[in-house]
Amino acid sequence: MSADQPNSKPKTKAEAESDQAPLPPVEHLVSTDHKLVLGKRTLEYTATCGTLLLQEVQSETDGAHKGQYKGKKTRASVFFIAYTLKPDKKARAERPVTFSFNGGPGSSSVWLHLGLLGPQRVPTDEMGQCGAPPYALTDNEFTLLTESDLVFIDPVGTGHSRVAEGEKLAEYHEYQRDLDAVGEFIRLYLTRNGRWGAPKYLIGESYGTTRAAGLSRHLQEKHNIHLNGLMLVSMAVDFQTLSFDHGNELPYPLYLPTYAATAWYHQALKPALQKKPLKDVVAEAEAFANGEYWTALMQGSRLSTEQRQKVADKLAHFSGLSAQYLLRCDLRPTEFRFFKELLRERGQTVGRLDSRFLGLDRDDAGEHPEEDPGMNNLAGAYAVGINRLLRDTLKFEDDAPYLVLAPIWNSWSWKGFENKYVNVGDSLRRAMHANPAMRIYVASGYYDLATPHAAGDYTLSHLGLHEKLQGNVQVSYFEAGHMMYIHQPSLARMAQELRAFVKQPV
């Protein structure tokens with residue numbers, strides 16, 4: 001009997017409201033089988049992509065049934081892409097699994113996925129240029145899938161990860177809440193896929209290293225998950241080393257070695273220093289930064305005019321900036337001033353993520369560059385790559401935009417770090433002390449002016465890590481930037497080192 005017939009029974013208010021209510025979110029997974037030929041070896045693997053729901057148990061809050069279970073409430077859905085090699089079932093259960101995410105905050109997992117780890121990658125030339133649109137995808141001979149299954153996680157608000165109807169997105173844009181969400185996803189993935197017995201690794205880049213360091217302890221405390229290793233790409237664990245705030249002298253000496261590397265790359269140093277190898281230039285800059293420069297900064301206004309001039313001359317020697325400009329900066333050139341000033345006479349700016357890349361502004365008189373040429377080189381190519389991969393290869397259909405980058409870093413909440421710098425180093429230290437078998441791999445780029453290598457070195461040396469565990473930390477340096485893997489020689493070496501790191505017996 002249809003509703004428009006005269007004798008049809010009218011709907012109750014509850015039924016009418018039910019018809020208008022949005023459909024509850026559901027998990028949507030798509031699996032496909034693939035082959036990747038790597039020389040004489042063929043990798044047969046399954047790719048699974050889609051969403052897992054983050055749910056919370058609901059209970060009655062009052063009345064006679066207070067505290068009684070009344071179901072689960074979906075708070076958010078987390079999108080992921082997983083690659084699983086196809087050995088026998090027993091081997092799969094014991095095969096390493098690596099969870100990967102990027103930073104921002106507000107970045108999807110696309111960069112490590114399509115730049116370094118996944119079965120396909122965005123091709124670049126030897127330097128790291130992506131070329132002209134429409135760009136391409138190619139098989140990745142350097143994939144970590146040879147040694148570990150891979151799970152790429154898009155934090156809530158990035159990629160295809162979303163909050164449920166009626167939930168507040170801002171709730172997930174906070175340090176601890178982000179750990180809760182990603183940690184719950186990892187627990188759920190291990191349980192659903194029978195991977196609790198597998199060696200477990202995390203790899204994060206930039207803010208992803210902040211997340212990874214926090215998760216190393218959070219997973220222990222919340223879920224009793226102990227990790228075998230962390231891979232930290234472009235470290236951002238102690239934000240005091242990266243924050244050019246008035247009264248905080250720490251970043252200036254920590255950025256100087258990367259200023260020197262950048263000036264060397266662009267032939268902006270004096271001939272005597274320019275003719276030396278990059279590593280020698282960096283080492284000399286580090287010695288000056290950790291010694292005479294640091295001492296001068298500590299003097300503040302007590303530094304004499306003669307001493308100021310002497311320090312300015314040496315700072316100019318290593319930075320490629322003029323002594324006159326450095327004196328006007330009170331010997332304290334910030335990163336954005338450096339981007340604009342180094343090649344001002346040439347009408348060019350240098351990149352933040354990768355200072356080898358050059359940009360052009362509307363005028364050359366400004367103090368800050370208009371764009372980051374390093375990011376401009378990558379953003380379009382990686383957006384094409386992930387959208388082609390999802391629909392053409394992985395057969396995942398969704399008309400909603402895949403958010404490569406969501407601009408939420410300025411509104412990110414740092415609850416628990418009020419009135420102090422964010423530093424999650426102690427979480428990492430406590431995780432290592434509680435689990436002495438956990439190892440750390442750190443990758444740093446000499447041309448990274450977002451998270452300079454010297455800042456990462458300072459952070460590691462100030463963790464308070466017990467002497468017996470110092471050998472658990474491995475650091476590698478690359479002649480490239482923040483995404484060092486776009487540089488072909490760095491990609492090849494980094495892939496080799498990551499494979500060896502995961503293959504090390506547990």
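Reader: In which loop is Asp361 found?

Author: This is a predicted model, where local features need pLDDT of at least 70, side-chain atom pairs count only at pLDDT 80 or more, and totals for chains, interfaces and linings use all residues. Residues are numbered from 1 along each chain as its sequence is written, and side-chain values use heavy atoms, with hydrogens and water left out. Helices (H or I, at least four residues) and strands (E, at least two) are DSSP runs, numbered from the N terminus. Asp361 is found in the loop between β12 (358–359) and α12 (373–393).

Reader: Is Asp361 buried or exposed?

Author: Buried means under 20% relative accessible area, exposed over 50%, and partly exposed in between (1.4 Å probe, protein chains only). The relative accessibility of Asp361 is 16%, so Asp361 counts as buried.

Reader: Which residues does Asp361 touch, not counting residues up to four places away in sequence?

Author: Contact means heavy atoms within 4.5 Å. Asp361 and Glu371 are 10 residues apart in sequence, and their C-alpha atoms are 7.9 Å apart in space. Not counting residues up to four places away in sequence, Asp361 touches Lys340, Thr349, His368, Pro369, Glu370 and Glu371.

Reader: At what angle do α3 and α15 pack?

Author: Axes are lines fitted to C-alpha atoms, for helices over the stretch in contact, and angles run from 0 to 180 degrees between N-to-C directions. Gly115, Leu116 and Leu117 in α3 meet Leu491, Met494 and Leu498 in α15. Angles under 35 degrees count as roughly parallel, over 145 as roughly antiparallel, 65 to 115 as roughly perpendicular and the rest as oblique, and α3 and α15 are therefore roughly perpendicular to each other. Helix α3 (residues 110–117) and helix α15 (residues 488–503) have their axes 11 Å apart and pack at an angle of about 100°.

Reader: What covers the buried residues of α15?

Author: Among the buried residues of α15 are Leu491, Met494 and Leu498. Their cover includes α3, β5 (120–121), β9 (200–206), β10 (229–235), β13 (439–445) and β14 (473–478).

Reader: At which residue does α6 bend?

Author: The bend at a residue is the angle between axes fitted to the seven residues ending there and the seven starting there. Of the 15 residues of α6, 14 are buried. The bend in α6 is about 30°, at Pro257.

Reader: How many disulfides does the count come to?

Author: A disulfide is a pair of cysteine sulfur atoms within 2.5 Å. Cys49 is buried, with a relative accessible area of 1%, and Cys329 is buried at 7%. By this rule, the count of disulfides comes to 0.
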